[in-house]
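Good morning, and thank you for making time for this presentation.

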Amino acid sequence: MLVEGPVEVVLDDGSTVVSDRFTVALCLCRRSRTFPWCDTSHRGRGRRQHG
């Protein structure tokens, strides 16, 4: 998910992370090694196809 910055994210443990970039990609799949920021780790996994 792309979000216009700056961005402050509150994590599950209550800590916060901040990015002052103009646009940031948030990880929604939780596979990122840089969570909550997306590092495209989701691309390495095959997608499930429906149908």
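I begin with a salt bridge: the side chains of arginine 30 and aspartate 12 meet at 3.1 Å, N to O. Arginine 30 lies in the segment after E4 and aspartate 12 in the loop between E2 and E3, so this pair ties together parts that are 18 residues apart in sequence. Both arginine 30 and aspartate 12 are exposed. For arginine 30 the relative accessibility is 52%, and the cut-off for exposed is over 50%, so the residue falls in that class. Please bear in mind that this is a predicted model.

Arginine 30 has a further feature, in its backbone. Although it is not a glycine, its phi is positive, at about 65°. By way of background, most residues other than glycine have a negative phi. Threonine 40 also has a positive phi of about 65°, and it is not a glycine either. Threonine 40 is likewise placed in the segment after E4, and at 34% relative accessibility it counts as partly exposed.

The protein has 4 strands and 0 helices, and along the sequence the pattern reads β-β-β-β. Of its 51 residues, 18% count as buried. The protein exposes about 4,600 Å², of which carbon and sulfur atoms supply 47%. If we take contacts between residues at least 6 apart in sequence, 13% of them join residues at least 24 apart.

Which way do E2 and E3 run relative to each other, parallel or antiparallel? They run antiparallel, and 4 bridges join them. Within this pairing, valine 9 has valine 17 in E3 as its bridge partner. The hairpin of E2 and E3 has 5 residues between the strands, and there glycine 14 takes a positive phi near 95°.

Is serine 19 buried or exposed? Its relative accessible area is 9%. The cut-off for buried is under 20%, so serine 19 is buried. Leaving aside neighbours within four places in sequence, serine 19 is in contact with Pro6, Val7, Val24 and Trp37. A polar atom of the serine 19 side chain also lies 3.4 Å from the backbone nitrogen of arginine 21.

That brings us to arginine 21, in the loop between E3 and E4. At 57% relative accessibility, arginine 21 counts as exposed, whereas serine 19 is buried. Not counting residues up to four places away in sequence, arginine 21 touches Gly5 and Pro6. Arginine 21 and glycine 5 are 16 residues apart in sequence, yet their C-alpha atoms are 5.5 Å apart in space.

Glycine 5 and proline 6 are joined by a cis peptide bond, with omega about 0°. Proline 6 itself is found in the loop between strand E1, residues 2-4, and strand E2, residues 7-10. What form does the peptide bond from phenylalanine 35 to proline 36 take, cis or trans? This bond is cis, with omega near 15°. Proline 36 lies in the segment after strand E4, residues 23-25. Again as background, most peptide bonds are trans.

My last stop is the group around aspartate 39. How many salt bridges does the model contain? The count comes to 2. Besides the pair with which I opened, aspartate 39 forms a salt bridge with arginine 33, the closest N and O atoms being 3.8 Å apart. Aspartate 39 is partly exposed, with a relative accessible area of 24%, while arginine 33 is exposed at 74%.

Aspartate 39 has another polar partner as well: its side chain makes a polar contact with the side chain of serine 41, at 2.5 Å. Serine 41 is placed in the segment after E4. At 18% relative accessibility, under the 20% cut-off, serine 41 therefore counts as buried. Not counting residues up to four places away in sequence, serine 41 touches Arg31, Ser32 and Arg33.

Conventions: Residues numbered from 1 in each chain as written. Predicted model: local features only at pLDDT ≥ 70, side-chain atom pairs only at ≥ 80, totals over all residues. Heavy atoms only, no water. Buried < 20%, exposed > 50% of the residue type's maximum accessible area, 1.4 Å probe, protein only. Polar contact = N/O pair within 3.5 Å; in protein donor to acceptor, adjacent residues only side chain to side chain. Contact = heavy atoms within 4.5 Å. Helix = DSSP H or I, 4+ residues; strand = E, 2+ residues; numbered from the N terminus. Areas by Shrake-Rupley, 256 points an atom, 1.4 Å probe, with all protein chains shown as cover. Pairing = 2+ DSSP bridges. Salt bridge = Lys/Arg side-chain N within 4 Å of Asp/Glu carboxyl O.
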